[in-house]
Amino acid sequence: MQYKMKRSRRQFLKSSIVAATATFSIPSLARNYNYKIFESNINPSSSNKYQKTSKMKLSWTPYNLQLKHTFTISGFSRTTTPVVLTKIEYDGLVGYGEASLPPYLGETQESVISFLKKVDLSGFTNPTQIEEIVNYIDSLAINNTAAKASVDIALHDLAGKIIGSPWYKIHGLNKYDVPDTTFTIGIDTDEVVREKTREVMDSYNILKVKVGGPDDKRMIRAIRSVTNLPLAVDANQGWKDRYEAIEMIHWLKEQGVVMVEQPIPKNDLDNIALLTQESPLPIFADESIQRLEDINRLKGVFSGINIKLMKCTGMHEAWKMRKLAKSLGMKVMMGCMTETSCAISAASQIYAGMDFADLDGALLIANDCFSGAYLQQGKIIASDMPGIGVEPIQELNFK
Ligand code: MG
């Protein structure tokens with residue numbers, strides 16, 4: 001009897017994995033690598049758990065991130081970021097997710113919760129059928145990308161736990177083969193900038209500076225007075241045109257800057273294409289790109305794209321974006337919002353092999369409520385726990 005149950009759970013899991021891997025178009029996965037993961041993670045004591053038809057239960061809780069330092073980018077400053085944390089329960093397993101809601105993206109805790117209330121997962125009995133479920137989530141409303149990401153991430157966490165593997169392994173990635181994460185030095189007085197730089201220069205291998213305003217050269221010089229670390233700059237569309245941008249970029253290259261994000265307004269694609277041709281540094285799209293469908297029109301316009309889970313609806317689409325961009329010969333970077341270690345850990349599972357990373361989101365907050373991916377020698381390294389590899393480190397009141 002027990003043997004029979006075990007077999008049928010195995011069959012269930014095996015077919016789940018085949019479904020999941022067919023979705024992800026990694027044909028070798030089910031046949032070789034992942035099947036071993038599945039074989040090694042059978043827990044005989046729970047062998048009859050998957051006999052019944054289980055339902056997924058989605059719940060959520062709003063949470064406010066306290067920033068360690070006031071965050072300023074061209075335009076405005078803030079000291080908190082609202083998020084909504086999500087949880088999907090299924091047969092004794094729990095997947096966690098997060099929607100991070102910086103005000104400029106237009107979603108709020110209220111809009112996320114009202115979106116989540118529309119989600120009905122009762123029609124799905126197999127959480128590893130990710131593509132079907134995220135397609136349904138995407139169809140519920142336009143936009144709401146962070147809300148959608150919060151479900152996608154929780155679903156990946158849950159599915160990874162069912163499969164018994166962290167996602168970097170499911171995708172066949174080496175979790176150590178990752179770019180250094182940038183750490184952002186906020187715009188401030190020279191004295192504060194120097195102090196801040198000294199504080200972090202031994203923990204990171206590349207720093208990031210928000211530019212695109214009157215402080216650009218002053219900020220770079222202040223940092224350069226204390227360190228020669230490579231720098232990334234993000235203009236957040238702040239330079240007024242391509243002439244100003246190219247002049248700044250030449251100067252920045254002499255200062256040891258290695259890449260430029262979103263130099264000029266996001267829709268000025270003709271001028272961005274010309275700028276990218278002239279630029280001695282790679283130019284990355286951030287505000288110009290949101291989802292998979294945007295990538296084709298950016299080929300030949302930007303050198304690369306910044307993929308952010310909150311803008312692209314989560315890990316499933318981010319993985320597709322990464323593959324498409326690479327197939328078009330574009331560079332790829334993984335970015336983030338101010339987020340807890342939940343969403344950062346999700347990103348950490350899919351960014352091995354990318355060109356740049358900006359994953360300092362959880363390092364900038366004072367009240368992270370998850371443990372997971374960690375900083376090691378300037379890189380964010382995925383944890384080995386299954387799913388996205390996170391655990392809550394405080395009680396969270398999911399409803
Ligand atoms: Mg940016």
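# A tour of the sheet and its surroundings

Start by selecting Lys210 and Asp234: Lys210 stands opposite Asp234 in strand S6. Before moving on, note that the model is predicted, so local features need pLDDT of at least 70 and side-chain atom pairs count only at pLDDT 80 or more, while totals for chains, interfaces and linings use all residues. Residues are numbered from 1 along each chain as its sequence is written. Helices (H or I, at least four residues) and strands (E, at least two) are DSSP runs, numbered from the N terminus.

**Stop 1**

Select residues 231-234, which form S6. Leu231 and Val233 lie on one side, Ala232 and Asp234 on the other, and all of them are buried. Here, buried means 20 or more other C-beta atoms within 10 Å of a residue's own, exposed means 12 or fewer, and partly exposed is in between, with C-beta atoms placed from the backbone. In a regular strand the side chains alternate between the two faces of the sheet.

Two strands count as paired if DSSP finds at least two bridges between them. Show helix H9 (residues 216-224) as well, and you have a right-handed β-α-β unit made of S5, H9 and S6. Right-handed means that, with the strands pointing away from the viewer, the path from the first strand over the helix to the second runs clockwise.

Next, bring in strand S7 (residues 257-261), which pairs with S6 in the parallel sense over 4 bridges. Val233 stands opposite Val260 in S7. With helix H10 (residues 242-254), S6 and S7 make a right-handed β-α-β unit.

**Stop 2: the whole sheet**

Zoom out to see an open sheet of 8 strands, paired in parallel, in the order S4-S5-S6-S7-S8-S9-S10-S11. Strand S4 (182-185) and strand S11 (356-357) stand at the edges with a single partner strand each, so one side of each has no neighbour in the sheet.

Within the sheet, pick strand S8 (residues 283-285) and strand S9 (residues 304-307), a parallel pair with 2 bridges. Phe284 has Gly304 in S9 as its bridge partner.

**Stop 3: two helices side by side**

Select helix H5 (residues 130-139) and helix H6 (residues 145-163), whose axes come within 10 Å and cross at roughly 165°. That makes H5 roughly antiparallel to H6; angles under 35 degrees count as roughly parallel, over 145 as roughly antiparallel, 65 to 115 as roughly perpendicular and the rest as oblique. Axes are lines fitted to C-alpha atoms, for helices over the stretch in contact, with angles from 0 to 180 degrees between N-to-C directions.

Show side chains where the helices meet: the H5 residues include Ile130 and Ile133, and those in H6 include Val151 and Leu155. Contact means C-beta atoms, placed from the backbone, within 7 Å.

**Stop 4**

Thr313 sits in the loop between helix H13 (309-312) and helix H14. Thr313 is not a glycine, yet has a positive phi of about 80°. Is Thr313 buried or exposed? Thr313 is buried, with 26 other C-beta atoms within 10 Å.

Gln377, in the loop between strand S13 (374-376) and strand S14 (379-381), also is not a glycine and has a positive phi of about 45°. Gln377 is exposed, with 10 other C-beta atoms within 10 Å.

Finish at Pro103, in the loop between strand S3 (93-100) and helix H4 (109-118). Pro103 and Thr81 are 22 residues apart in sequence and 7.9 Å apart in space, C-alpha to C-alpha.

Key
Contact = placed C-beta atoms within 7 Å.
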